[in-house]
Amino acid sequence: MGSLKLDHPQEDNSNSSPMEMTSALDPVEFRRQGHMMVDFIADYYQNIDKYPVLSQVDPGYLRKRLPESAPDNPEPIETILQDVQEHIVPGLTHWQSPSFFAYFASNVSIAGFLGEMLSTGFNVVGFNWVSSPAATELESIVMDWLGNLLSLPKSFLFSGNGGGVIHGSTCEAIVCTMAASRDQMLSRIGGDNIGKLVVYGSDQTHSALQKASQIVGINPKNFRAIEATRSTTFALSPESLKLAISSDIEAGLVPLFLCATVGTTATTAVDPLGPLCDVAKHHGMWVHVDAAYAGSACICPEFRHFIDGIEGVDSFSFNAHKWFFTGLDCCCLWVKNPGALISSLSANPEFLRNKPTDSKQVVDYKDWQIALSRRFRAMKLWLVLRSYGVVNLRNFLRSHIKMAKLFEGLVAMDQRFEIVVPRNFSMVCFRVSPWVATINCKLLEAINASGRVFMTHAMVGGMYVIRCAVGVTQTEEKHIAMAWKVVQEHADVILKNHGDDGDANLKLALLDKIA
Ligand SMILES: *Cc1c(COP(=O)(O)O)cnc(C)c1O
């Protein structure tokens, strides 16, 4: 290659003349490629049953397949989509597969998907009202709609001087509410006392609470993960909370924040909100309710009782991106006192000054969250609520709960298995005898390696349990029946091999003790 060509690399290649950047948003081209993309995704859903649910690739698989650097010249969408099919799809764990029963689902729907398309299509950055009034106003409206669906007390709605905001995740919601509670408390007891503030949850509370307290500057020694009570399916007992608080006060510490959970990650336990609030409020604490997964179910009147006592708390959040057909990311947070959030989280540089803000007539959501920039997430929630209507949404949720009940019934009929905790929502915790972790872990690994289903585990009260969490949009009863068949088939093999070895039971029990 001569030096001239190096200086002008484009000149000798007529196929790849530089693009005008304006053509990167040419409507005609967008229509062509957009249709192609919709077809690609529709095909993906049509074939999703054919892929192993849990990706079977090895670490580093992708670096071996892709070039070392980005292409100098444009490549056509057709080629890129081929590579997606060939190289990316095998490395996906298919969260939207009807045979996905791991973690908690993060389900999506046509409406959620189209809402996401619209919000990406507009790509407005609605940090304050004036930067896109519709983004802010729609968010306030759908949060009031949803709040009403959950029968939240009026004090959480804009009409009752509270309000709702959409965050990206529960972790952010807890960080922001904890920061608000910290500043409220420090204004009472003096900023020097931050080292005395104590945060409470149970040992079943999501790790988001610990992360938040680290970020918010709580002394790591003042983080309390109180042992949950086994006899109440691993819920936090008000008595235990009371004891922990008393001993902290005796030690000169200041109780700050309680995170109660409705639907814990391990077993979907429900902390008793009313009695816990009675204890916490006695000490002027902030109470947050994390209902990331189970909150959705509370739009059904028959499940609303799980958040009884909500009137006593300060903030409440649930992830519409888990079990509300909305797609990542969409964590709905309501607070009774937006002023507390705003005074902790607001910053008002000159370049953001504007008349509507000065008039105090508008919501500026930048002051309700960590980041300045924010996506128009309300759009997808609005589309989901409108496209399906409350009647259908309730029925979708009920059908998942019914399928979990079906799975529970199948497990209960096989005497080798046990249901570990009573089922509250759409998740079943079970294990196989012998109850040792080694056997149950082996069983889980075998069913996941089959690629036919994907489930995950939890450790609770020293027990290794397998979790079957129903919640994917396209799961039907036949998938539940198949999942149970897969579990039974692998249990047959594992228990047979295990039985062949006389001492195996004892050995495994010992191994468990050591582990
Ligand atoms: C999933 C989950 C979380 C974490 O949610 P993010 O939005 O990922 O932060 C927190 N708490 C509970 C109970 C959950 O189920």
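Buried means under 20% relative accessible area, exposed over 50%, and partly exposed in between, with a 1.4 Å probe and protein chains only. The model on screen is predicted, so local features need pLDDT of at least 70 and side-chain atom pairs count only at pLDDT 80 or more, while totals for chains, interfaces and linings use all residues. Residues are numbered from 1 along each chain as its sequence is written, and side-chain values use heavy atoms, with hydrogens and water left out.

Begin by selecting the ligand, which 13 residues surround, a residue being near when one of its heavy atoms lies within 4 Å; the closest are T170, C171, D290, N319 and K322.

Now select R304 and D308, which form a salt bridge with their closest N and O atoms 3.3 Å apart; the term stands for a side-chain nitrogen of Lys or Arg within 4 Å of a carboxyl oxygen of Asp or Glu. R304 is buried at 16% relative accessible area, whereas D308, at 45%, is partly exposed.

Finally, select R398 and E302, whose side chains meet in a salt bridge of 2.6 Å, N to O. R398 lies in helix 14 (residues 378-413) and E302 in the loop between strand 5 (286-290) and strand 6 (315-319), so the pair ties together parts 96 residues apart in sequence; helices (H or I, at least four residues) and strands (E, at least two) are DSSP runs, numbered from the N terminus.
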